[in-house]
Amino acid sequence: MSTIDYSVKIPNNVDLSGDRTLQRALESWQPNFIKWWDDVGPEGSTHYDVYLRTAVSVDPQGWAQFGYVKMRDYRWGIFLNPAEQDRTIHFGDHKGEKAWQEVPGEHRANLRRIIVTQGDTEPASVEQQRHLGLTAPSLYDLRNLFQVNVEEGRHLWAMVYLLHKYFGRDGREEAEALLERQSGDENNPRILGAFNEKTPDWLSFFMFTYFTDRDGKFQLAALAESAFDPLARTTRFMLTEEAHHMFVGESGVSRVLQRTCQVMNELGTDDVNKLRAAGVIDLPTMQRYLNFHYSVTIDLFGADQSSNAATFYSSGLKGRYEEGKRADDHALHDQSYKVLEVVDGKLQEKDVPMLNALNEVLRDDYIKDSNAGVARWNKVMEKAGIDFRLSVPHKAFNRQIGALAGVRMSPDGRPVTEQEWESRKNEWLPTDGDRSFVASLMKQCLAPGKFAGWIAPPVMGINRQPVDFDYVKFQ
Ligand SMILES: [Fe+2]
Ligand SMILES: [Fe+2]
């Protein structure tokens, strides 16, 4: 069951041929997906042979097979983790009952909404990243970008399968709509804010895959706990793919820092203009990009107090991160949690029922996880003997959603006046000047083993191939 059948049009481990109606429905969605890929997927990439991994089994030992593939021929398909026998629901008001193999009528609308919202982010990021191939700093990086892109495409397939199989006609309509909305489109945008932002340069891409794909990890991890078993099994497999996306971001930022530190030491300066003239990205600009991507991403967790979040948890649709590892009653009716609010221009903590604060709980777990990687980035500066350190801004900084929306806050968590915000926001968020400087560095560098001057080579290649391997072949 866990082996994937590649002899069919839609590779899968869900016995698709045993359900002809579903198979036909998905086979008729498939050409629309390919058309979407051709229209708004990676620009100019149609004839490239890309060294990609493809899922061949969902077993942890060896699910990936590497080889050259033209991306539009990538074996997108439907892969679920194997079913756990007699799995029971382990949180919420249905705790102890059998997990659901079908969608209970009373939770249908909420489950559909959760799946559509998750599904919408997958094609959105492909759209956001579609021009990046034209300015790739190396073949290695180009290949990583494309790997992320095809896997986001597969994540879309994962959600579309659930919609088609379990939600009938409105599921099919939602699956169509997932190909119709477009990132940044004025009339028909993607559902969530961060997925309508531009990813115009590779520094943004690395920050996005570090911070925003990590939001994906936390959302998927919460859905992997779901009482709706097909959703839990689908998202578990997606999580194994997500790890690579975050690796691309973390190592990407780390390599940019490494290169900047190297040039700082060579020139013996931290003067921004001199460093920019030398073609590297200065550390204060790195911090501003970080501030932007971090704040936009933590908004994705939603309002700090939310009755929907309570409903999703109590009814078993969406758990907490690592629900199984927590030592509490997994019902949370009597528990409270601290959220921030603004009173007379000052931030205050207040206790609210934990069930209503579950977005905040997930956001705080995310923040801890993000901080760990930032500490690893700081090791790069430490090793190079440079005393600059990156940090994540305060969680009230630059927020657009929840009780902290519109509160003027410095990155270190000090409430500031509108006047101070206006006069200092250029120190805190990327300016047009920063963006156009970074854009000026974005030039394709595609000779095997060569890297653009603003980024260091990786320590090792992909799948134990050498760094100067021919990761993408152009015809
Ligand atoms: Fe994804
Ligand atoms: Fe991802």
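Predicted model: local features only at pLDDT ≥ 70, side-chain atom pairs only at ≥ 80, totals over all residues.

Biologist: Great. How many helices and strands does the chain have?

Modeller: There are 12 helices and 5 strands. Helices (H or I, at least four residues) and strands (E, at least two) are DSSP runs, numbered from the N terminus.

Biologist: And what is the radius of gyration of the chain?

Modeller: The chain has 23 Å, which agrees with the value near 23 Å that a compact globule of 475 residues would have. That radius is taken over C-alpha atoms, and the globule rule is 2.2 Å times the number of residues to the power 0.38. Along its principal axes, the C-alpha trace spans about 65 × 65 × 40 Å.

Biologist: What share of the residues count as buried?

Modeller: Of the 475 residues, 45% do. Buried means that 20 or more other C-beta atoms lie within 10 Å of the residue's own, exposed means 12 or fewer, and partly exposed is in between, with C-beta atoms placed from the backbone.

Biologist: On to helices. Is H3 mostly covered or exposed?

Modeller: H3 is mostly covered, with 28 of its 28 residues buried. Just after H3, Gly-168 takes a positive phi of about 55 degrees.

Biologist: Which residues of H4 are buried?

Modeller: Gly-171, Glu-174, Ala-175 and Leu-178 are. Seen down the axis of H4, the buried residues fall within an arc of 105 degrees, so they line one face of the helix. The arc is that of the directions from the helix axis to the C-beta atoms. On the other side of H4, Arg-169, Glu-173, Glu-176 and Glu-180 are exposed.

Biologist: What do those buried residues of H4 pack against?

Modeller: They pack against helix H1 (20-40), helix H2 (108-128) and H3. Contact here means that the C-beta atoms of two residues, placed from the backbone, lie within 7 Å.

Biologist: Changing topic, what is the strand order in the open sheet?

Modeller: The order is S2-S1-S5, with antiparallel pairing. S2 and S5 are the edge strands, each pairing on one side only. Two strands pair if DSSP finds at least two bridges between them. S1 and S2 (residues 64-69) have 6 bridges, and Thr-54 has Gln-65 as its bridge partner in S2. S1 and S5 (residues 472-473) are joined by 2 bridges, and Val-50 is partnered by Val-472 in S5.

Biologist: Why is S1 largely enclosed?

Modeller: In S1 (residues 49-55), 5 of the 7 residues are buried, so the rest of the structure largely encloses that strand.

Biologist: Last one: where is Pro-189 found?

Modeller: Pro-189 is in the loop between H4 and helix H5 (202-223). Pro-189 counts as partly exposed because there are 16 C-beta neighbours inside 10 Å. Not counting residues up to four places away in sequence, Pro-189 touches Arg-181, Gly-184 and Asn-196.

How values were computed
Residues numbered from 1 in each chain as written. Chains lettered and ligands numbered in written order.
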